[in-house]
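Let's take a walk through this model together, with the viewer open beside the text. Keep your selection tool handy as we go.

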Amino acid sequence: MTLSLQQIIGESGISFGTSGARGLVSDFSDDVVASFAQSFLLGMQREFQVSRVAIGIDNRPSSPAMAAACSGAAQALGIAVDYYGVLPTPALAYQAMQDGVPAIMVTGSHIPFDRNGLKFYRPTGEITKADEQAIVSTQAALTPYSSALPAVNPLGAENYIQRYREVFAPGIMQGLHIGLYEHSSAGRDLYANLFRSLGAEVTSLERTDTFVPIDTEAVAEVDVQKGRQWSKAYGFDAIFSTDGDGDRPLIADENGEWLRGDIVGLLCARQLGIRALAVPVSCNTAIEKCGAFDEVARTRIGSPYVIAALEALAPNHASIAGFEANGGFLLGSDVQLNGKPLKALPTRDALLPGIALIAAAADLKLSAQVAALPARFTASDRIQNIATNTSKAFIAEVTQDPAVLLDLLALGPKTVAALNTTDGLRISFTDGEIIHLRPSGNAPELRCYAEADDQATAIQRVKQVLDALKLKLA
């Protein structure tokens, strides 16, 4: 019996999260990968004249084989493949948008190496939630294919770097010493030369042949300590890194302290003169309190929701952008930098905020840039290996009765000011503190975000919540 693409995908255990299809490598068989690719491309053929597809990968050991299945599946449909090899996701998206072709990025982003994923791009940018539903619902049969990869085309990476060389002055980072935490980032072969071409001294740090799952929303304690030690040893003005596929920045100030992603996004948007923002509900309220933007739209967590909000903002504002709590920056409109146009790139990007913040450090240290913002501080972390259904059930219980959480945490007298169920449960208290619980859309994890008037309290609240939930939900 011949299975449909819908059946193959449905039986795989692979599902769409906040950004792409994610799952265990063991579940991504060649047929499952090929089914996702063919279902996506058949959908694109119904809307566009599709003769080519762009494919790229991250540095996970499982990514080349998955890319080969995607490539073979595309060729079986008569679609030529432009294979760009290892490069950042935003680089692939940018190249595909300039060429007007769809794209498939093989990456699991920040999740562990035993998992992987697929991100899909229309010729005009990221797919929508409706596109995701169409991919998992295609009734056609899998067209027979042979896994194969063409030679790597270097233009995707080259054009991505040239995008920024054209708008930032060659000496804009003159006098700055930057640490480049390379680990297994998909963009690690690109960043050093770019920063040097902008005038910086660059020291490469800790390149590894094994995949490192950097989560920019929950920086591991070992990386916290590394940042401080590197800064002390080298006297850096900043440290730059990204997650595995280069769409989320990880930036440390001159003291080696890693900046929160939403603070990175806020500072970048101000540097660019953006007038309106779309950000997830989990982002720091300093965004509104700083008074730099004409409008701020709050969304569910995930770039498709941010992009939908950008489209709604576009008719009323000259320049728009979005970012997420992980720091991924989405440029929603063309902007002028140094009298030159920078084209829109409405998908998460790590490099633009990296350049914008580090270049500004030539005049004002990164720690001072942060200190000048309204005093609102956030923290976040996660419980891993907790079933999504378990997380959802607890959040539903607390939504009905927030006192359940207050009793569990033993926080003492605290009054709830507002509940926000845009994505998970976000509880605002009358003393200004915020606690936000949300099941991850990409992995069996429960995330906790907290916001307070000082960093120590925000960190303490996250620890209190997660310690209590580990005991209750284990």
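Predicted model: local features only at pLDDT ≥ 70, side-chain atom pairs only at ≥ 80, totals over all residues.

Residues are numbered from 1 along each chain as its sequence is written, and side-chain values use heavy atoms, leaving out hydrogens and water.

Let's begin with the open sheet of four strands, whose order is S9-S8-S10-S11 with mixed pairing. Strands here are DSSP runs of E with at least two residues, helices are runs of H or I with at least four, and both are numbered from the N terminus; two strands pair if DSSP finds at least two bridges between them. Strand S9 (201–207) and strand S11 (249–252) each have a single partner strand, so one side of each is left without a neighbour in the sheet. On average, neighbouring strands are turned by 20 degrees against each other, direction ignored. Helix H7 (residues 188–197) packs on this sheet, touching S8, S9 and S10, and its direction makes about 170 degrees with that of S8. Contact means heavy atoms within 4.5 Å; axes are lines fitted to C-alpha atoms, for helices over the stretch in contact, with angles from 0 to 180 degrees between N-to-C directions. Inside the sheet, S8 (residues 177–183) and S10 (residues 238–242) pair in the parallel sense over three bridges, and Gly 179 stands opposite Ile 239 in S10.

Next comes an open sheet of five strands, S19-S23-S22-S21-S20, with antiparallel pairing. Eight bridges join S19 to S23 (residues 445–452), where Leu 446 is the bridge partner of Ile 383.

Strand S19 (377–384) also leads us to the largest pocket, as one of the elements that give two or more residues to its lining. About 1,100 Å³ of space lies in this pocket. Here a pocket is an open set of points on a 1 Å grid over the protein atoms alone, where a 1.4 Å probe fits, with protein on both sides within 12 Å along at least five of seven lines; lining residues have an atom within 4 Å of a point. The volume is the space filled by probe spheres set on the points, which are joined across faces, edges and corners.

Finally, is Ser 35 buried or exposed? Ser 35 counts as buried because its relative accessibility is 0%, the cut-off being under 20% relative accessible area with a 1.4 Å probe and protein chains only. Ser 35 is found in helix H2 (residues 30–47).

Key:
Buried < 20%, exposed > 50% of the residue type's maximum accessible area, 1.4 Å probe, protein only.
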